[in-house]
Amino acid sequence: MKVFIACLGTETNTFSPIPTGEETFVETMFYDGDATQHEQNLFSEPLHVWRRKTEAHQGVVVESLAAFAQPAGITVRGVYEGYRDRILADLEAALPVDVVLLCMHGAMVAEGYPDCEGDLLECARGVAGPDAVLGAELDLHCSVTKKMLAAADVIVTFKEYPHIDGGARAAELFDICTAKHQGTANPVMEVYDTRMINMWRTPVEPMKSVVADMQAREGKDGVLSVSFAHGFPWGDVPEASAKMLVIADGDRPKAAAVAKSFGERIWDLREETQASTHSIDEALDEAAQIAEGPIVLADISDNAGGGAPSDSTFILREMIRRKMSNAMNGLYWDPVATRFCFEAGEGATFDLRVGGKCGLASGDPLDLRVTVRKLLRDAGQTFGSSRNRMGDAAWVTTDGGIDLVLNSVRTQVFHPDAFTQLGLDPAERNIVVVKSTQHFYAGFAPLARKVLYVAAPGAIPPDFAAIPFENFTDPYWPRVANPFGA
Ligand SMILES: [Zn+2]
C-alpha cells in the first residue's frame, strides 16, 4: 500500500486587512516534504499519525509539502497555486498511489479560489485517478462544499473546539480510507445543512453531550464517522453555513438520516448555544467589582486565530480611561513597538506608541509612557502538545500600572506561559485580558475567578446576524428566525 500525504491550509478571514503571502506560511509552518522529521504541531500532527500507521501496516509513505499559515486575509493567488502545483507534481511523480491523505483547513480562500480545498481535492483526484482513495481531514471551522464532496471519498473534521483531537481524527480518517482500499468498507458521505452561522464551544454543555453522542454513534450499525463542520463565520464564501457530515458503510439513506437527526438537534439548541457576550463597559464594570482576581476577559473580536490583527486598542483604551491597574493585557502584535523596546533595553522608561496599526478594526494607536520590564527573544507558548512561536516578546508596564505583552509573530493567546515565561503571573492580577476566542480557555479557566467574553469592535465581531456577507446569500439563522421557512 502506497500512501501519499501532504498538508496545505489556512483559515481565511475574507474581511481581514492582512494579505496571506509566502512569508506567513514560512513563519507559521513550512516543511518541504519532511514535516514528520520535526516536532509536531496542530497541522503537522496528522502527517505524523499517517506515517506511523502506514509504516505499521508495512506500507510506503510518500510525503509532500506541509504548509500552514496563521489565519489572516485572502491568500495571494500565486502562492496558493504554487503550493498546490507542487503537491500535484509530487503526487504525479509518486504514481501509482493507493491512498491520498490531505490535511487542510476547509476555510481557505485565495484570489480567484473561494474554495481552495475543493480545488485541491478536484485536482488531486484528476492526478491520482478514480481508483485511488482520497481522504481529507479538516478543521471544524470549515465549509464543506459540493466540490469537496464530489472529489473526496472520505472527509473527517475535528470534533473539539479547542482543537485537541487532530491526531485522533487523523487516525480515524486513515482507518476508513485504508478499509476502502482493502475492500472491507464502502464509505459514502451525506451532508445536512443546518442553515446556521454561529460558534459552538464543545467543552461545555449542551455541545459536550452532542459531541459525545456523535462519537457514540460511530462504529455501530454501519455508521463510520459523524462530523459537525461548524463553518467559519468571517469567511464570505457561497457555502458558509454549518453542516453535519455523516459517513456510512454503503448506505446513503442512513448517512442522510443520521446527519439530519444530529443537524436538527443542533438547530433545536440554537438559543442555548448562542454565545453570551458582554460589552466593554459591562465587562469592565463587572471586573471593577472584583476585589480578588483574576477575572479573565477574552477580547474575542481581535483573535489572531480568526485572522484578526491582534493589535486592537478598544479595551485597553477604556481601561486606561478608567485608571484601572493591577491588570495585564496581551498579546499585542506590534513588531515596531517590540523592536523599540529591544532597542531601549530592560529598565528603560520611554514614550511608546502601541497597537492600532493594521486598519480600522484595530482602533487608534495608544501613546503611552512605559517601562520595559523584561525582554525575551524567540518566545513561545504551549498549545496542546506543541510549542507555538511568539517571536520576540516584551513585557512593558504603563505609568498607570497596566502590564502589556507585545510580540513580533502574530498569534492568539493559547496558554498562561505566554505571560509567565516573562515573569508575569496572571494569577496575581485582578484583570487579565487575552486576545483569543476560545483556545485560551483550557489554560486560563482553572486560574480565573470568572471568564467573560467581550464583544469589543474588531476584525471578527461576534454579531453573526450583522456580518456583511456578499458571496454567502442563503438565508441563515440568526439573521432570519427560520431559514427553512424562508
Ligand atoms: Zn478552528
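Residues are numbered from 1 along each chain as its sequence is written. In this predicted model, local features need pLDDT of at least 70, side-chain atom pairs count only at pLDDT 80 or more, and totals for chains, interfaces and linings use all residues.

**Helix α3.** I took helices (H or I, at least four residues) and strands (E, at least two) as DSSP runs, numbered from the N terminus. Helix α3 spans residues 77–94 and reaches 26 Å from its first C-alpha to its last. I looked for its buried residues (20 or more other C-beta atoms within 10 Å of the residue's own; exposed means 12 or fewer, partly exposed in between; C-beta atoms are placed from the backbone). They are Val79, Tyr80, Tyr83, Arg84, Ile87 and Leu91. Seen down the axis of α3, these residues fall within an arc of 125 degrees (taken from the directions from the helix axis to the C-beta atoms), so they line one face of the helix. On the other side I found Arg77, Gly78, Asp85, Glu92 and Ala93 exposed.

**Helix α6.** I noted 17 residues in α6 (residues 166–182). Its buried residues include Arg169, Glu172 and Lys180. Just after α6, glycine 183 takes a positive phi of about 80 degrees.

**Backbone angles.** Most residues other than glycine have a negative phi, and most peptide bonds are trans. I found a positive phi near 55 degrees at arginine 195, in the loop between β7 (187–193) and α7 (207–217). Arginine 195 counts as partly exposed because it has 19 C-beta neighbours inside 10 Å. I also found a cis peptide bond joining tryptophan 477 and proline 478, with omega about 15 degrees.

Key: The expected span of a helix is 1.5 Å times one less than its number of residues.
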